Amino acid sequence: MKKSMLVSVVFVSFVLIIFSCSRKSAATSSVSKKESAAVTMYQSSVKPLIALRCSPCHFPADGGKKRPLDNYDSVKVMAADMVRRVELNPGERGFMPFKKSKLTSEEIAVFKKWAEETAK
C-alpha cells in the first residue's frame, strides 16, 4: 500500500513538473514572437522613418544632442511619447520634429502601430 502511494505521488509530481515547464516555454515563445514582430517592424518601417525625419538631432553619431533614437531599445522606451509629440501641431509645446514640417498621417500611423505592438 505504501509503495503504491509513493509511486502515485512521484508520478503526479512528475506530470505536474512536465506540465508547468511546457506552459512556461509556450508563454516565453509567444513573448518572443511578439517581440520579434515589433523588432521586424522597427527595422523595416520605423528605423528608416526616424533616420529620415529625426536626424541629425536624435543621432549622436551625426552630432545630435537630443535624446538618442539611434537604436531599438532607445526608441522602444520612447514609443508612447514619440506618438504624442508627432501628433501635435507645429507651434504646440513639445511638437516634433522641431523646426521641420509635421509628419504625414501615414508616417504618424507607422509610429502609432509600432507603439501599439511594443506595448502588448
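In the legends below, contact means heavy atoms within 4.5 Å. This is a predicted model, in which local features need pLDDT of at least 70 and side-chain atom pairs count only at pLDDT 80 or more, whereas totals for chains, interfaces and linings use all residues. Residues are numbered from 1 along each chain as its sequence is written, and side-chain values use heavy atoms, with hydrogens and water left out.

Figure 1. Threonine 118 touches Ala38, Tyr72, Lys76 and Ala79, residues up to four places away in sequence not being counted. Helix α3 spans residues 105–119 and includes threonine 118; helices (H or I, at least four residues) and strands (E, at least two) are DSSP runs, numbered from the N terminus. With a relative accessible area of 16%, threonine 118 is buried; buried means under 20% relative accessible area, exposed over 50%, and partly exposed in between (1.4 Å probe, protein chains only). A polar atom of the threonine 118 side chain lies 2.9 Å from the backbone oxygen of alanine 115.

**Figure 2. Overview of the chain.** The secondary structure consists of three helices and zero strands, and the pattern along the sequence is α-α-α. Of the 120 residues in the chain, 25% are buried. Among contacts with a separation of 6 or more, 52% are accounted for by residues 24 or more positions apart. The chain has an accessible surface of about 8600 Å², and carbon and sulfur atoms hold 64% of that surface; accessible areas come from the Shrake-Rupley method with a 1.4 Å probe, and for residues only the protein chains shown count as cover.

Figure 3. The whole structure contains three aromatic pairs. Rings of Phe, Tyr and Trp (its six-membered ring) pair if their centres lie within 6.5 Å; planes under 30 degrees apart count as stacked, over 60 as edge-to-face and the rest as tilted. Tyrosine 42 and tyrosine 72 form an edge-to-face pair, at 5.3 Å centre to centre and with 80 degrees between the planes. This pair links distant parts of the chain, with tyrosine 42 in helix α1 (residues 2–53) and tyrosine 72 in helix α2 (residues 72–87), 30 residues apart. Both tyrosine 42 and tyrosine 72 are buried. The ring centres of tyrosine 42 and tryptophan 114 are 5.8 Å apart and their planes are at 40 degrees, so this pair is tilted. Because tyrosine 42 lies in helix α1 and tryptophan 114 in helix α3, the pair ties together parts that are 72 residues apart in sequence. Tryptophan 114 is buried, as is tyrosine 42. Tyr42, Tyr72 and Trp114 together form one aromatic cluster.

**Figure 4. Salt bridge between lysine 76 and glutamate 35.** The structure holds five salt bridges, a salt bridge being a side-chain nitrogen of Lys or Arg within 4 Å of a carboxyl oxygen of Asp or Glu. In this view, the side chains of lysine 76 and glutamate 35 meet at 3.3 Å, N to O. Lysine 76 lies in helix α2 and glutamate 35 in helix α1, so the pair ties together parts that are 41 residues apart in sequence. Lysine 76 is partly exposed, at 31% relative accessibility, and glutamate 35 is likewise partly exposed, with a relative accessible area of 31%. Lysine 76 is also one of the residues that threonine 118 touches.

Figure 5. Asp81, Arg84 and Arg85 are linked in a network of salt bridges. Aspartate 81 bridges to arginine 84, with the closest N and O atoms 2.9 Å apart. These two residues, aspartate 81 and arginine 84, both lie in helix α2, three residues apart, about one turn of the helix. The side chain of aspartate 81 also meets that of arginine 85 in a salt bridge (3.9 Å, N to O). Arginine 85 and aspartate 81, both in helix α2, are four residues apart, about one turn of the helix. Aspartate 81 is partly exposed at 25% relative accessibility, arginine 84 is partly exposed at 43%, and arginine 85 is partly exposed with a relative accessible area of 24%.

**Figure 6. Cysteine 54 and cysteine 57.** The whole structure contains zero disulfides, a disulfide being a pair of cysteine sulfur atoms within 2.5 Å. Cysteine 54 is in no disulfide, and the nearest cysteine sulfur, that of cysteine 57, is 8.7 Å away. Cysteine 54 counts as buried at 15% relative accessibility, whereas cysteine 57 is partly exposed, with a relative accessible area of 37%.

Key. Polar contact = N/O pair within 3.5 Å; in protein donor to acceptor, adjacent residues only side chain to side chain.
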